[in-house]
Amino acid sequence: MAKRHSSHIPLSEALNEFIQENKLQKGMDRVDAREAWVKLMGNGVNNYTTAVELRNETLFISLSSSVLREELSLGKTKIIKMINEELGKELVKKLVLR
């Protein structure tokens, strides 16, 4: 259990400390990547998205439309760049559309 601090610290700082101490950063990155996909792609693409999963710097996207999959595959590098910019760090290196 974390030790108590006698001084007041901001909540964001306390949460970051909690995440670091309990080694939760990978899980937070997975959630952040999923949220970035939903935010950047909008309702049109999200209606056909069945799963978003981040594993070892690879973002796996499952789509129910083969036509949309082909369209998105043409802009993979741009999508990776947009997601990394949204996340504020180089988290996604590869994009797999299935």
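**Figure 1. Salt bridges in the predicted model.** A search of the whole structure finds 3 salt bridges in what is a predicted model. Side chains of opposite charge can pair when their charged atoms come close. The salt bridges are formed by K89 with D29, by K39 with E86, and by E53 with R55. Each pair has its own close-up below.

**Figure 2. Close-up of the salt bridge between K89 and D29.** The side chains of K89 and D29 come together with an N to O distance of 2.9 Å. The pair links distant parts of the chain, 60 residues apart: D29 belongs to helix α2 (residues 25-46), while K89 lies in the loop between α4 (76-87) and β3 (94-97). Is D29 buried or exposed? D29 has a relative accessibility of 10% and therefore counts as buried, as the limit for that class is under 20%. K89, at 35% relative accessibility, counts as partly exposed.

**Figure 3. Close-up of the salt bridge between K39 and E86.** The closest N and O atoms of K39 and E86 are 3.0 Å apart. This pair also links distant parts of the chain, with K39 in helix α2 and E86 in helix α4, 47 residues apart. K39 counts as exposed because its relative accessibility is 60%, and the exposed class begins over 50%. E86 counts as partly exposed, with a relative accessibility of 35%.

**Figure 4. D32 on helix α2, shown with E86.** D32 is placed in helix α2 and is partly exposed, its relative accessible area being 30%. How many residues apart in sequence are D32 and E86? They are separated by 54 residues in sequence, and their C-alpha atoms are 9.2 Å apart in space. E86 is the residue whose side chain forms a salt bridge with K39.

**Figure 5. Close-up of the salt bridge between E53 and R55.** The side chains of E53 and R55 meet at 3.0 Å, N to O. E53 counts as partly exposed at 36% relative accessibility. R55 is likewise partly exposed, with a relative accessible area of 36%.

Figure 6. T58 is located in strand β2 (residues 58-63). Which residues does T58 touch, not counting residues up to four places away in sequence? With those left out, T58 touches E53, K94 and V96. One of them, E53, has its side chain in a salt bridge with R55. T58 counts as buried because its relative accessibility is 13%, where the limit is under 20%.

Figure 7. K23 has phi near 55 degrees, a positive value in a residue other than glycine. K23 sits in the loop between α1 (11-21) and α2, and K23 is exposed, with a relative accessible area of 72%. E57 has phi near 65 degrees, again a positive value in a residue other than glycine. The position of E57 is in the loop between β1 (49-55) and β2. E57 is partly exposed, with a relative accessible area of 41%.

Figure 8. G88 is found in the loop between α4 and β3. G88 is exposed, with 64% relative accessible area. The C-alpha atoms of G88 and L68 are 27 Å apart in space, for a sequence separation of 20 residues. The loop that holds G88 also holds K89, the partner of D29.

**Figure 9. The protein chain as context for the close-ups.** The protein chain has 4 helices and 3 strands, in the order α-α-β-β-α-α-β from the N terminus on. The C-alpha trace spans about 60 × 25 × 20 Å along its principal axes. The radius of gyration is 17 Å, whereas a compact globule of 98 residues would have one near 13 Å. Of the 98 residues, 30% count as buried. Among contacts with a separation of 6 or more, 52% are between residues 24 or more positions apart. The chain exposes about 7200 Å², and carbon and sulfur atoms supply 52% of that area.

How values were computed
Residues numbered from 1 in each chain as written. Predicted model: local features only at pLDDT ≥ 70, side-chain atom pairs only at ≥ 80, totals over all residues. Heavy atoms only, no water. Helix = DSSP H or I, 4+ residues; strand = E, 2+ residues; numbered from the N terminus. Rg over C-alpha atoms; globule rule 2.2 N^0.38 Å. Buried < 20%, exposed > 50% of the residue type's maximum accessible area, 1.4 Å probe, protein only. Contact = heavy atoms within 4.5 Å. Areas by Shrake-Rupley, 256 points an atom, 1.4 Å probe, with all protein chains shown as cover. Salt bridge = Lys/Arg side-chain N within 4 Å of Asp/Glu carboxyl O.
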